[in-house]
2 protein chains.
Amino acid sequence: MEKQRIAIDMDEVLADVIAKFEALYKKNHPKEALRQQQDGEEFYAILPDHISGDFRKHIYEKGFFRDLEVIKDSQRVVKELSEKYDVFIVSAAMEFRNSLEDKVDWLADHFPFIPWQRTIFCGLKIVNVDIMIDDRSRNFTAFNGRPLLFTSPHNKLITEFERVDTWEEVAAKLL
Amino acid sequence: MEKQRIAIDMDEVLADVIAKFEALYKKNHPKEALRQQQDGEEFYAILPDHISGDFRKHIYEKGFFRDLEVIKDSQRVVKELSEKYDVFIVSAAMEFRNSLEDKVDWLADHFPFIPWQRTIFCGLKIVNVDIMIDDRSRNFTAFNGRPLLFTSPHNKLITEFERVDTWEEVAAKLL
């Protein structure tokens with residue numbers, strides 16, 4: 001029997017973008033306070049108005065995605081998943097031309113067991129898979145399989161999808 | 001009604017890789033003759049043995065994919081297709097890490113009407129589309145839609161797929 005296919009997102013699912021945002025913010029604005037993201041709020045929304053617009057530029061810079069921290073337990077669980085399922089990494093990386101090489105290199109460092117054949121950089125996620133793990137519910141709208149919404153502050157108010165808070169929870173559901 | 005989706009390959013469908021190979025070969029080996037590719041034969045197969053292995057390295061170099069010629073009529077026909085269909089560019093670019101930025105920039109130059117949302121760099125083409133235009137029949141094996149095999153010397157002996165020799169033929173079939 002063919003294995004089921006899983007599509008796994010990168011940012012805020014495998015790679016901790018918000019921790020990088022916070023570190024950059026503290027470095028560039030050591031005197032400004034940063035409040036917590038509220039449920040349903042994007043990171044940019046918590047920045048002071050005079051900083052927010054400029055801050056978003058970081059994500060277009062070379063290197064931004066190269067040194068992101070790995071989300072807790074993701075390496076171990078994705079490795080175990082990749083034995084039972086056909087695991088694809090599916091990132092909407094095409095929005096950020098300068099992220100492409102960084103993301104390839106980051107994956108090679110932290111998820112070396114994912115071959116290039118199973119890596120997909122796209123915009124719209126029109127992938128033919130059975131399960132999709134993603135923090136952006138917009139990626140589920142055209143998807144007919146089983147969506148798993150990976151918790152991130154910005155998506156905490158969304159109730160219509162099956163949710164996973166941690167990679168331990170993904171393991172409990174899928175392994 | 002939703003538009004039908006078309007996945008269009010890049011190399012040897014939109015971008016003339018073989019012309020670049022030939023130009024590189026003539027530049028690097030001005031005294032060696034190059035015979036024509038026979039039906040069913042890959043470009044590498046026509047190179048003298050002592051050159052073939054080394055020659056393949058060009059495809060991994062930065063810049064290789066940046067200045068490819070555009071296949072005849074493809075710009076006009078893809079533009080017209082993109083009005084009637086949801087057109088996605090789907091390239092197995094992940095095999096070549098150094099091609100990613102070159103391919104993005106090449107598309108921006110020659111197919112500026114294709115947004116990042118409709119550009120996909122992958123390995124296995126597990127895309128959910130209705131029609132796929134590709135020169136590699138291996139990309140059709142897991143595909144349930146309508147495959148159109150775009151003629152290239154290497155695929156001329158393949159008979160089991162609907163074939164298009166030119167972009168004019170694609171237009172005649174799909175427009």
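Biologist: Is A:Asp73 buried, exposed or partly exposed?
Modeller: In this predicted model, A:Asp73 is partly exposed, because 14 other C-beta atoms lie within 10 Å. Buried would take 20 or more, and exposed 12 or fewer.

Biologist: Where does A:Asp73 sit?
Modeller: In a loop of chain A. The loop runs between strand S3 (69–70) and helix H3 (74–84).

Biologist: What about the phi of A:Asp73?
Modeller: A:Asp73 has a positive phi, about 70°, although the residue is not a glycine.

Biologist: And B:Asp73, what phi there?
Modeller: Positive, about 70°, and B:Asp73 is not a glycine. B:Asp73 lies in the loop between strand S3 (69–70) and H3 of chain B. B:Asp73 counts as partly exposed, because it has 14 C-beta neighbours inside 10 Å.

Biologist: Which residues is B:Gln75 in contact with, leaving aside neighbours within four places in sequence?
Modeller: B:Val70, B:His110 and B:Phe111, once those neighbours within four places are left aside.

Biologist: How far is B:Gln75 from B:Phe64?
Modeller: Their C-alpha atoms are separated by 20 Å. Along the chain, B:Gln75 and B:Phe64 are eleven residues apart.

Biologist: Stepping back. How many helices and strands does chain A have?
Modeller: Five helices and eight strands. From the N terminus, the order is β-β-α-α-β-α-β-α-β-β-β-β-α.

Biologist: What radius of gyration does chain A have, and how does that sit with a compact globule?
Modeller: Chain A has 16 Å, and this agrees with a compact globule, because 175 residues would give a radius near 16 Å. Along the principal axes, the C-alpha atoms fill a box of roughly 60 × 35 × 25 Å.

Biologist: What share of chain A is buried?
Modeller: Of the 175 residues, 34% count as buried.

Biologist: And what share of the contacts comes from residues 24 or more positions apart?
Modeller: Such pairs account for 64% of the contacts in chain A with a separation of 6 or more.

Biologist: What about confidence? What does chain A average in pLDDT?
Modeller: Chain A averages a pLDDT of 95. At least 70 is reached by 99% of its residues. For the complex, the predictor gives an ipTM of 0.96 and a pTM of 0.96.

Biologist: What rotation superposes chain A on chain B?
Modeller: A rotation of 180°, with 0.0 Å of shift along its axis and an RMSD of 0.0 Å. The two copies are therefore related as by a two-fold rotation axis. The same surface serves both copies, as 100% of the contact residues of chain A recur in chain B.

Biologist: Back to H4(A). Which residues there are buried?
Modeller: A:Leu100, A:Lys103, A:Val104 and A:Leu107 are buried in H4(A). They lie on the same side of H4(A), because they cover an arc of only 100° around the axis.

Biologist: What covers the buried residues of H4(A)?
Modeller: The cover includes strand S4 (86–91) and S5 of chain A, together with helix H4 (100–110) of chain B.

Biologist: New spot. Is B:Asp134 buried or exposed?
Modeller: B:Asp134 is buried, because 27 other C-beta atoms lie within 10 Å. B:Asp134 lies in strand S6 of chain B, residues 131–134.

Biologist: Which residues is B:Asp134 in contact with, sequence neighbours within four places aside?
Modeller: With those neighbours left aside, B:Asp134 is in contact with B:Asp9, B:Val13, B:Asn139, B:Phe140, B:Leu149 and B:Phe150.

Biologist: How far apart are B:Asp134 and B:Ser91?
Modeller: They are 9.3 Å apart, C-alpha to C-alpha, and 43 residues apart in sequence.

Biologist: Last one. Is A:Gly53 buried or exposed?
Modeller: A:Gly53 is exposed, because it has 10 other C-beta atoms within 10 Å. A:Gly53 belongs to helix H2 of chain A, residues 49–55. The C-alpha atoms of A:Gly53 and A:Glu101 are separated by 25 Å, with the two residues 48 apart along the chain.

Notes. Residues are numbered from 1 along each chain as its sequence is written. Chains are lettered from A and ligands numbered from 1 in the order in which they are written. This is a predicted model: local features need pLDDT of at least 70, side-chain atom pairs count only at pLDDT 80 or more; totals for chains, interfaces and linings use all residues. Helices (H or I, at least four residues) and strands (E, at least two) are DSSP runs, numbered from the N terminus. The radius of gyration is taken over C-alpha atoms; the globule rule is 2.2 Å times the number of residues to the power 0.38. Two residues are in contact if their C-beta atoms, placed from the backbone, lie within 7 Å. Copies are superposed by least squares on the C-alpha atoms of residues with pLDDT of at least 70 in both. The arc is that of the directions from the helix axis to the C-beta atoms. pLDDT is the predictor's confidence in each residue, from 0 to 100.
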